[in-house]
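Subject: Structure handover

Dear colleague,

I am passing on to you the structure that follows, together with some notes on what was found in it. Please look it over before reading further.

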Amino acid sequence: MDKTFEYRIYPSAEQEALLQKTFGCCRWVYNRVLAMRRDEYAWTGKSRHINSYITQIPAWKRADAPWLSEVDSMALQQSLRDLDKAFKNFFRAPGKVGFPKFKSKRAGRKSYRTNGVGIIDARHVRLPKLGTVRARVSRPVEGRVLSATVKQVPSGKYYVAICCADVPATDAPAPTVVFLGVDAGIHDIATCSTGERLPNPKNLQRSERRLAREQRRLSRKRKGSANRARQRVRVARAHEKVANRRKDALHKFTTHAVGESQNIAVEDLNVRGMQRNRRLAKAVGDAAMSELARQLEYKCAWSGRGFVRVGRFYPSSKTCSACGYVYRGLTLAERVWDCPACGMRHDRDLNAAVNIAREGRRILEGAAGHAGTAADAANACGEGVRPTAACAV
């Protein structure tokens, strides 16, 4: 399997200046070729292969852009390959993926890809053109190094993400739960069929006053001033802290869930549709339901666990886990309800998690035995999504 190992780097003043030059040169090449391809397609109705543009970079260095020679040549080529991928995504999925846009030098996130990266020791990495850069290597890389992405986040910090292939699977502990159902929500971010819950820490809500205060201070600064630049970093760091808290809680929960379970089932929620509700959008975004499912999926693949997505139209909350009765009159306000058929009292989220585990087992066993229906095969990896290797058992 492929894995990416991300480390924070601490470039010197000279190295930081070269990093900014590389970001700028990659942006310049990207925008120039984007304009060329757009105009050529408008004139001729055809577009040349991306390699014909890559071979022009040496000519640009000799002619009107000699400063391109100061940065990593591989980064310039990779920026054009990224542009070509953006074009292909647009034409393959029109309406879902937008047309490639010109990059701005005022963007909060900057990055470039390159090759020839190596780990020297726990405190240093080697990057092309930059040489030895101070870093915090928290864990060694595994497998075969493919490429590396050097990036700067809005808070001003620098990171290098090293992509590796042929990484061996992780040795996971022996599971204690055969099939675990996970119900994502707002009150509790996750409710497991075993009764475990991950309460919503409401990181955004707890930090809203501070975020608003820092944003007001930013709005008072004169545009283009050094004070405004410093305050912009403070605002970015405040948002970064909220995001880090959210990711930390999710990583701890998903790692524990994958380690304890042989198979995991989650509901394929329409999170984008839920965020269109202006009353719920902020709470849904803070709960990070899609990120929860994403982490569970790739961690199951790492550990060799089974993973299944239950269709979003399956009535997991309305179905009695004891007798199977479907209570059509259940409203969102009812957190506890009694089954009209058998009288069983249910906690809404726990009952949904139990039903998700049961439905996930049925789908997975049916797909494994080639006895499932076409709808089951689609639900095994999400509603209307083609099955992937991560979902195979």
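Which residue in β5 is the bridge partner of L127? The partner is G131, and it belongs to a pairing in which four bridges join strand β4 (residues 124-127) to the antiparallel strand β5 (residues 131-136). Strands here (E, at least two residues) and helices (H or I, at least four) are DSSP runs, numbered from the N terminus, and two strands count as paired if DSSP finds at least two bridges between them.

Please bear in mind that this is a predicted model, in which local features need pLDDT of at least 70 and side-chain atom pairs count only at pLDDT 80 or more, while totals for chains, interfaces and linings use all residues. Residues are numbered from 1 along each chain as its sequence is written, and side-chain values use heavy atoms, with hydrogens and water left out.

The strands β4 and β5 belong to an open sheet of seven, ordered β2-β6-β7-β1-β5-β4-β3 with antiparallel pairing. At its edges are β2 (110-114) and β3 (118-121), each of which pairs on one side only. Helix α1 lies across β2, β5, β6 (144-152) and β7 (158-165), and runs at about 85° to β2; axes are lines fitted to C-alpha atoms, for helices over the stretch in contact, with angles from 0 to 180 degrees between N-to-C directions.

The largest nonpolar core has 40 residues, and I9, L76, L80, Y112, L127 and V160 have the most contacts inside it. Helix α1 (residues 13-44) gives the largest share of this core, nine residues. Such a core is a set of buried Ala, Val, Leu, Ile, Met, Phe, Trp, Tyr and Cys residues joined through side-chain atoms within 4.5 Å, where buried means under 20% relative accessible area, exposed over 50% and partly exposed in between (1.4 Å probe, protein chains only). Leaving aside residues up to four places away in sequence, L80 touches V29, Y30, V33, I50, Y53, I54 and I57, a contact being heavy atoms within 4.5 Å.

As for confidence, pLDDT (the predictor's confidence in each residue, from 0 to 100) averages 88 over the protein, with 93% of the residues scoring at least 70. Confidence is highest in β5, at 95, and lowest in helix α11 (residues 374-379), at a mean of 43. Over residues 371-393 the pLDDT is below 50. Where pLDDT is low, the predicted coordinates should not be read in detail.

With best wishes
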